[in-house]
Amino acid sequence: MQAWFCDNPIGVNALQWREAPTPEPQAGQVRLAVHAASLNFPDLLIVENKYQFKPPLPFVPGSEFAGVVEAVGEGVTSCKPGDRVAALAGNGGFGSHAIVAADKLFPLPDAMSFEHGAAFAMTYGTSIHALLDRGRLQAGETVLVLGAAGGVGTAAVQIAKAAGARVIAAASSDEKCALCREIGADDTLNYSTGNLREALKALTGGKGPDVVYDPVGGDLAEPVFRSIAWRGRYLVIGFAGGGIPALPWNLALLKSADLVGVFWGDFVRREPAAFQRDMRQLGQWYAEGKVRPLVHQTLRMSELHKAYAMMAGRQVIGKLVLTPG
């Protein structure tokens, strides 16, 4: 096998592409021939030693990927060689082959490509858990999606629409806002220009959004929290903007608002039945055409450094996907 190895988590430039013996699956494991892998923000954090999960060294990054089962270990009955599957393994995807625990795999629908399979579960899984489970989103409510042109943002826009909500998509450029309208957003706002609070006031008739989906953090958090509706729910997804905000707690008191943490990775581990329920709902919406991964670009696996640079530079609309080569 060949893969990108992280021997020292000091950044992307320390990753090395090299050969290693093709491993055999142990009990409960599966060996997968990787056909596509997507790049997610945690994949950047993990090679910088900034993520919550710190795998033993050396490791192969790549948390989400899809391919074909080549071999199964003792006791595995959920899949067999030749099956098309997607994996949520935490790491291992940026290579030609990966060893994955069988319970981290789920079958790909016949109509779903490997590229879509590799770009689906993490962003859409995060967003459905955030909006419907943690955010208690109801049809007819208004959702503000920050970073709406990114991977989780585009998923959140589509899921909120599928759930019957009104969606305000906020992004950092007019081009990104236009893309959000194409995928279903009712309104958009460019938060790099103008007054964010005034724009939200105008779009909501002074009421504010009922639910805020925030994977950005940074300087946007406080003005948005000040604009939230009575009994609003502010969903903390991540901090792609770089800074972890320090919010005045009186803001939650004044609006009787909830500040809600969303740690999807641990949700999958702690509540597997609920995760499977979410994936069934997403599979149904995919079949109905209500959700569809937005792939910004497909690159060769050898271009991983370029992919990381595009993500770090916030040049990506939707998801980046890597395929063998």
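These legends describe close-up views of a predicted model. Residues are numbered from 1 along each chain as its sequence is written, and side-chain values use heavy atoms, with hydrogens and water left out. Because the model is predicted, local features need pLDDT of at least 70 and side-chain atom pairs count only at pLDDT 80 or more, while totals for chains, interfaces and linings use all residues.

**View A. Leu-131 in the largest nonpolar core.** The core holds 53 residues, of which Leu-131 and Leu-235 touch the most other members. A nonpolar core is a set of buried Ala, Val, Leu, Ile, Met, Phe, Trp, Tyr and Cys residues joined through side-chain atoms within 4.5 Å. Buried means under 20% relative accessible area, exposed over 50%, and partly exposed in between (1.4 Å probe, protein chains only). Leaving aside residues up to four places away in sequence, Leu-131 touches Arg-136, Leu-137, Val-143, Ala-156, Ile-159, Ala-160, Val-211, Tyr-213 and Leu-235; contact means heavy atoms within 4.5 Å. Another core, of 38 residues, lies apart from this one and includes Val-12, Val-34, Phe-59 and Ala-102.

**View B. Helices α3 and α10.** Helices (H or I, at least four residues) and strands (E, at least two) are DSSP runs, numbered from the N terminus. The axes of α3 (residues 121-134) and α10 (residues 272-287) come within 10 Å and cross at roughly 110 degrees, which makes α3 roughly perpendicular to α10. Axes are lines fitted to C-alpha atoms, for helices over the stretch in contact, and angles run from 0 to 180 degrees between N-to-C directions; 65 to 115 degrees counts as roughly perpendicular. On α3 the contact is made by Ala-121, Tyr-124, Gly-125, Ile-128, His-129 and Leu-132, and on α10 by Asp-278, Met-279, Gln-281, Leu-282 and Trp-285.

**View C. Cys-177 and Cys-180.** The whole structure has zero disulfides, a disulfide being a pair of cysteine sulfur atoms within 2.5 Å. For Cys-177 the nearest cysteine sulfur, that of Cys-180, is 6.2 Å away. Cys-177 is buried, with a relative accessible area of 3%. Cys-180 is also buried, at 0%.

**View D. Ile-228 and its contacts.** Ile-228 sits in the loop between α7 (221-227) and β12 (233-236) and is buried, with a relative accessible area of 0%. Not counting residues up to four places away in sequence, Ile-228 touches Lys-207, Gly-208, Pro-209, Val-212, Arg-233, Tyr-234, Lys-255 and Ala-257. Ala-20 is 208 residues from Ile-228 in sequence and 52 Å from Ile-228 in space, C-alpha to C-alpha.

How values were computed: Parallel < 35°, antiparallel > 145°, perpendicular 65-115°, else oblique.
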